[in-house]
Amino acid sequence: MDHQPKFFENLSGTGKAIGVLTSGGDAQGMNAAVRAVVRMGIYVKAKVYFVYEGYQGMVDGGDNIVEVSWESVSSILQVGGTVIGSARCKSFRTREGRLQAAYNLVQRGITNLCVIGGDGSLTGANLFREEWSGLLEELAQNGKIDEEAVKKYAYLNIVGMVGSIDNDFCGTDMTIGTDSALHRIIEVVDAIMTTAQSHQRTFVLEVMGRHCGYLALVSALACGADWVFIPEYPPEEGWEDSMCVKLSENRARKKRLNIIIVAEGAIDCHNKPITSEKVKDLVVQRLGFDTRVTILGHVQRGGTPSAFDRILASRMGVEAVLALLEATPATPACVVSLSGNQAVRLPLMECVQMTQEVQKAMDEGRFVEAVRLRGRSFENNLNTYKLLSHKKPDAELPKTNFNVAVLNVGAPAAGMNAAVRAAVRVGITEGHKMFAVIDGFEGFARGKIKEISWGDVGGWTGQGGSILGTKRTLPAKYLEKIADQMRTNNINALMVIGGFEAYESCLQLHEARSRFEEFCVPICVLPATISNNVPGTDFSIGADTALNAIVETCDRIKQSASGTKRRVFIIETMGGYCGYLANMGALAAGADAAYIFEEQFDIRELQANVEHLTEKMKTSIQRGLVLRNENCNENYTTDFIYQLYSEEGKGVFDCRKNVLGHMQQGGAPSPFDRNFGTKISAKAMQWISKKLKETYRKEEGKVFANTDDSVCLLGMRRRNLVFQPVAELKTETDFVHRIPKEQWWLKLRPLMKILAKYKTSYDVSDSGQLEHVAMHSPKEAETGAI
């Protein structure tokens, strides 16, 4: 991108007033969005108002519309739901109600609204905007406001953010609250699995989603459920038989439990509801299995927001304020949303119309169309689930005679096991023989390699760490032994799942091809490390789980600091030289500063941070949180910073330090890591199959791949999943510090500083352009998206 950076300092909010409201059903992360809107608004010198109780508060006026300060949104980042309340409002649906609302806003000079809610709330906001000038004229005729006010407040600008746990809004990959709701569901499923296993039970779980099956589908993918019912993809005629056959087959394979997930809006192909009770009765009558139903209900809306939702909501909130500042009378109402890893702005009504199209397609029985309209991410989830959940009988499987080995390299990362499971199952479906290598390249050299079957990887998605075992050892010192093992076991392709070591290992194998023909096979690297320091990808498997562990600990520490008052905590995170965990942890936990290697700092900066905290202690927020990456500076250690703060803060605040250590590597994988691992692994296996076909030499009866593009790393880049030759990634890598030379998340660094009340410059070149909602072709679902 050769653009000139465009900084938002040129955008001033002076004289502007922004109203922020949450409407419709609540969702975790709404508070993070409210906080970001308020702080960014105040930062650009606009006035910001809370509108309490959604549209009801706008109609009622009075104390429901209040100007707020910086401190008004302190300590709400980690709170679920919405602190400004949300209510269903009948009166806003009438013109009289909207007239009253317009009067209340004009009284306070508010002509910019930030609405956080579902499609109903956003549609209402758009109607309000379209009627605005007519409403003002009517108010003037009634003598409520003068002509000058009509001119001064002639236009209403609206920006929406989608807060909905269902993820049912077209145009955005993830809505605020979805990831947290998945966390709640997965916590419950993990707990149920242990009890179900003890008693050989079948559990039917009902999750939310009256019109959208996203939560059901993704949680089924994340826990390896036996069957899933969603509104967009009803089962075929005779599903009762096929489901019972599958459940009894699984039992025959010594699987002690069955999990069936039902979306509350699940239907059959005649649009008749399929309820959890109906599914339970069917299993009991036909199979006589001990079956229980668990309805999750409002648990899914509750609890603290996940790290992903906090970062998403904070990014969206800042983007929403920028969109309001840049809006002109001609700008249509827009929603800020997420596409891949990119914040985008989309015309609100295009998104709403497309969302309504899905419902229409479902009502008319056009289910294939409904899945396509949901977007490429949804379609991809569904295809991956179908691929992994049901094993075809051996007779129906193709036979390729190729052997593919899977191994873990580097430090353990949550989600590695989900990736191994997906690789094994997709490989078997494609007709290959799958081999598991124990203990990385070290184990490979010692011949610790065995065939692995479909059933061997059952129940692996929810397991943390690395079941295959992993070592940091690089292959360079064992090349000959590894080549021997590859020859002995006739290995035709390798999938290497791991962190920076996995990437380096594959570079070494690539370079050793001239000496060992055994390495002339397709090789794919899947990035899996908590540090997120692998070049060629924005995210790596395991980083989300580690981030959640950090944020959870920071929440507890903040609570302790709030109790004691005037206390600052210094927290050390892992990550090697990569500041991803420290920086994103700071953004998600609402920290005051984060010290990272990528942004050099000196004693003056430390001094400025201490002064900033001293000022903060004079306000009502008497606590501080500072994150430090373990290798950010060899001299300014955690101890040094702790001692400096203790000395400089004497009499104003006291200091504590906390080194988080290896707890960041452990724990059950988060829903994001399970699904990311599963999806990229399935995609990588399909790539391996394609490469095997391309490089098979019939006359010699062997695979021979020696081009650069046969050793690739599969990563997520902005909006797409891309296979990149490791040889080409060398130029993007700082091998001394084991980090990519350019890292996307550094762009979010100013965001953290702004939300912690530091003056900084923020490059907004990437934001700003209003895009259109893209309809994608079925082909696209296979190629790019996550």
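A salt bridge here is a side-chain nitrogen of Lys or Arg within 4 Å of a carboxyl oxygen of Asp or Glu. The model is predicted: local features need pLDDT of at least 70, side-chain atom pairs count only at pLDDT 80 or more, and totals for chains, interfaces and linings use all residues. Residues are numbered from 1 along each chain as its sequence is written, and side-chain values use heavy atoms, with hydrogens and water left out.

**Stop 1: E326 and R345**

Select E326 and R345. Their side chains form a salt bridge, with the closest N and O atoms 3.0 Å apart. The pair links distant parts of the chain, 19 residues apart: E326 sits in helix 10 (residues 307–326) and R345 in strand 11 (residues 342–347). Helices (H or I, at least four residues) and strands (E, at least two) are DSSP runs, numbered from the N terminus. R345 is buried at 4% relative accessibility. E326 is partly exposed at 25%. Buried means under 20% relative accessible area, exposed over 50%, and partly exposed in between (1.4 Å probe, protein chains only).

**Stop 2: D226 and K255**

Go next to D226 and K255. A salt bridge joins their side chains, 3.1 Å from N to O. This pair also links distant parts of the chain, 29 residues apart. D226 lies in the loop between helix 7 (214–223) and strand 7 (227–229). K255 lies in the loop between helix 8 (239–252) and strand 8 (258–263). D226 is buried, with a relative accessible area of 3%. K255 is partly exposed, at 29%.

**Stop 3**

Pick K702 and E700. Their salt bridge spans 4.0 Å, N to O. K702 is partly exposed at 29% relative accessible area, and E700 is partly exposed at 44%. Then select R95, R98, E131 and E138, which are linked in a network of salt bridges. The count for the model comes to 40 salt bridges.

**Stop 4: helices 11 and 12**

Show residues 348–363 (helix 11) and 367–374 (helix 12). They pack at an angle of about 160°, with their axes 8 Å apart. Axes are lines fitted to C-alpha atoms, for helices over the stretch in contact, and angles run from 0 to 180 degrees between N-to-C directions. Which residues of helix 11 and helix 12 meet? In helix 11, select M354, E357, V358, A361 and M362; in helix 12, select F367, E369, A370, L373 and R374. Contact means heavy atoms within 4.5 Å. The contact residues divide into seven nonpolar, no polar and three charged. Ala, Val, Leu, Ile, Met, Phe, Trp, Tyr, Cys and Pro count as nonpolar, Asp, Glu, Lys and Arg as charged, and the others, Gly among them, as polar.
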